[in-house]
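Subject: Structure handover

Hello,

Here is the structure I promised to pass on. Please open it alongside this email; my notes follow.

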Amino acid sequence: MYPNTFIKNTFVKKNTVIAAVLFSLAACSKPAQEPPAPAPSVTVFKLQAAPVVLSDTLPGRVAAYRTADIRPQVGGIVLRRQFEQGADVRAGQKLFQLNPAPFQADVDLAAAALQHAVATAQRATTQAERLKPLMEADAISRQAYDDAVAQREQASANVAQARAALARRRLDLAFASIDAPIAGRIGQELVSEGALVGQADAAPMARIQQIDQVYVDVRQPASALAALQASGPAGVDKLPVTILAADGSEYPVKGRILFSGISIDAGTGDATIRVLVDNPQRQLLPGMFVRARIARAAQADGLLLPQQAVLRNSGGEAQAWVLDAQHKASLKPIAVGDVIAHQYVITGGLRVGDTVVVEGQERLQPGATAAPQPWKRAAAQAAAVTATPR
């Protein structure tokens, strides 16, 4: 009995050990539960209403406010130039001096003719006064007295004619000194001293341009004038105009629209918009090509969304990821308008207070919970809102 009992106990122990080993292996083969994945981190932008000005940036050309070609009113030899080329001149300033000797001689001749006419008139007046009592006494005929009166009147007319001729000759003498008709900046002299000039000359002697104010003539498609004309004459004057240099920088000047859409170019279909610009520093010069940013509409409560927050589907439609109060993501179709300082103007699909994902959209799924972080605007995009066409 003893050996059988020993063998039996040994067998039971072996079975127990084997069962424990199998249970342990079974426990090891069971997969462990993985921890839940963390919510994807995204940057978000909360929409807020703000004033937005929608504008068009159009090419334009600068023109002087006033231009005067300096031309002689009498012919003569140029004695001297009396201005600095490229300088500012005032109205009435002397520019050229012609040889005054011929005109002075004409003045002297006209003055002598006037003296002769005055003397003749005095003699005719005296003669008429002497004959009057004789005619009343029937000492002379009425015809003789009437002839004396006619000679007196003719002599008076000759005096008036001589005075007019003298005034004209004095004007010619004054025109020998050529003055500036307007204030502005004068260019180079186009005739030199010693040149003979006349009224029929095709080329001017010099040119003055007033540029403390200038015009900027801008061409805009006729189809885009509707919004501008909808503001009315008073509204157009209030729309701001910014003048831009070739590198995109703004000139420190102010402009306002004078008129637009007077006529349409049949070849291009464009209308001309004339902008009056203050130019105290004379930075804008006639003939320069510039760009004008012209406001065409203003929104008191506009919505702006960073460009990187807007996605496009295969059909080209605009979309944006939006987080609700529980930070759950959903993809919404939206409508966008112009681009302003790297931001879209939202015209539909979103409203004030919506939280829109700007960066990290590739980590989102519809209904997924995200970990939002506030989006920080880049320094280059923090400038004032200004509109450009899409």
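First, a term. A polar contact is a pair of N or O atoms within 3.5 Å; within protein, one must be able to donate a hydrogen and the other to accept it, and residues adjacent in sequence count only if both atoms are side-chain atoms. One such case: the side chain of Arg 312 reaches the backbone oxygen of Gly 316 at 3.1 Å.

Some ground rules. This is a predicted model, where local features need pLDDT of at least 70, side-chain atom pairs count only at pLDDT 80 or more, and totals for chains, interfaces and linings use all residues. Residues are numbered from 1 along each chain as its sequence is written, and side-chain values use heavy atoms, with hydrogens and water left out.

Back to Arg 312. It sits in strand β14, residues 311–312. Strands (E, at least two residues) and helices (H or I, at least four) are DSSP runs, numbered from the N terminus. Leaving aside neighbours within four places in sequence, Arg 312 is in contact (heavy atoms within 4.5 Å) with Glu 317, Ala 318, Val 336 and Tyr 344. Its C-alpha atom is 9.3 Å from that of Pro 333, 21 residues apart along the chain.

Arg 312 is partly exposed, at 46% relative accessible area. Buried means under 20%, exposed over 50%, partly exposed in between (1.4 Å probe, protein chains only).

Two positive phi values also turned up. Asp 138, not a glycine, has phi near 60 degrees. It lies in the loop between α2 (101–136) and α3 (142–175) and is exposed, at 68%. Arg 282, also not a glycine, has phi of about 55 degrees. Its loop runs between β12 (270–278) and β13 (289–306), and Arg 282 is partly exposed, at 27%.

Best wishes
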